[in-house]
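Have your viewer open and your selection tool ready.

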Amino acid sequence: MMSSLTERIFQTAFEALLKRDSELCDHVVAEDEEIDILEKQVDQDGVNLLIRFHPVASDMREVVSAMKVSSNLERIADQSVSIARRAKHLNNRPALRELALLEQPYRLALTIFRDCVRAFADGDYELARTLKLKDRELDALTDDVNERLVEQGTLNSELVPSYVDLIFVARALERIGDHATNIAEDSFWRDQAADIRHTYGPKKADWV
């Protein structure tokens, strides 16, 4: 339920951005509250299971990973809210053709999210293992978008506030990829009892 709702508000946030629809933006913010409630419920249920049954090995990993996944879903929802809020800012200004630069990163971020949920739900640890490389691809795409937007800002100073909003949308997409990858890594740990975090070398530092 939580993953389905998170995907819905992520898609709605980007739809609101493309359509310049402030009502959809408000809808995203409202639905985020339900995700916050679900996160608390998952955490409480997980703690109760740990206290009552003292699970070991795979059972313990099942509970702990579910709690960690709910936290990452909540953060993905928060990033969707950030996109919606930036969209509302943009709706008060002239439309930008550079908005199209965000469509490819959005599609990849959505793919990574859907794959991480499938990996967790199906116990597909091989799929989970592949998502870090897709996340690095997303990082490269968002870095390229940021560079182009900064370049446009130097040429059109009056549009800088709108370019800054688009840069923050790109950052939100990059963060969504990070949180989705965290879910995949937690899924792998649950199924294989192996921690694959931080095994791909250091990530390029943010510059925005």
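Is Cys116 buried or exposed? Select Cys116: with a relative accessible area of 0%, this residue is buried (buried means under 20% relative accessible area, exposed over 50%, partly exposed in between, with a 1.4 Å probe and protein chains only).

A word on what you are viewing: this is a predicted model, where local features need pLDDT of at least 70, side-chain atom pairs count only at pLDDT 80 or more, and totals for chains, interfaces and linings use all residues. Residues are numbered from 1 along each chain as its sequence is written, and side-chain values use heavy atoms, with hydrogens and water left out.

Next, pick Cys25, which is buried too, at 1% relative accessibility. The structure has zero disulfides, a disulfide being a pair of cysteine sulfur atoms within 2.5 Å.

Now show helix H1 (residues 2–19) with helix H2 (residues 22–53); helices are DSSP runs of H or I, at least four residues, numbered from the N terminus. Their axes lie 9 Å apart at an angle of about 160°, the axes being lines fitted to C-alpha atoms over the stretch in contact, with angles from 0 to 180 degrees between N-to-C directions. H1 and H2 are therefore roughly antiparallel (over 145 degrees). Among the H1 residues that meet H2 are Leu5 and Ile9, and the H2 side includes Cys25 and Leu38; contact means heavy atoms within 4.5 Å.

Last, select Ala57 in helix H3 (residues 57–91). Ala57 has a positive phi of about 50° although it is not a glycine, and is partly exposed at 47%.

How values were computed. Helix = DSSP H or I, 4+ residues; strand = E, 2+ residues; numbered from the N terminus. Parallel < 35°, antiparallel > 145°, perpendicular 65-115°, else oblique.
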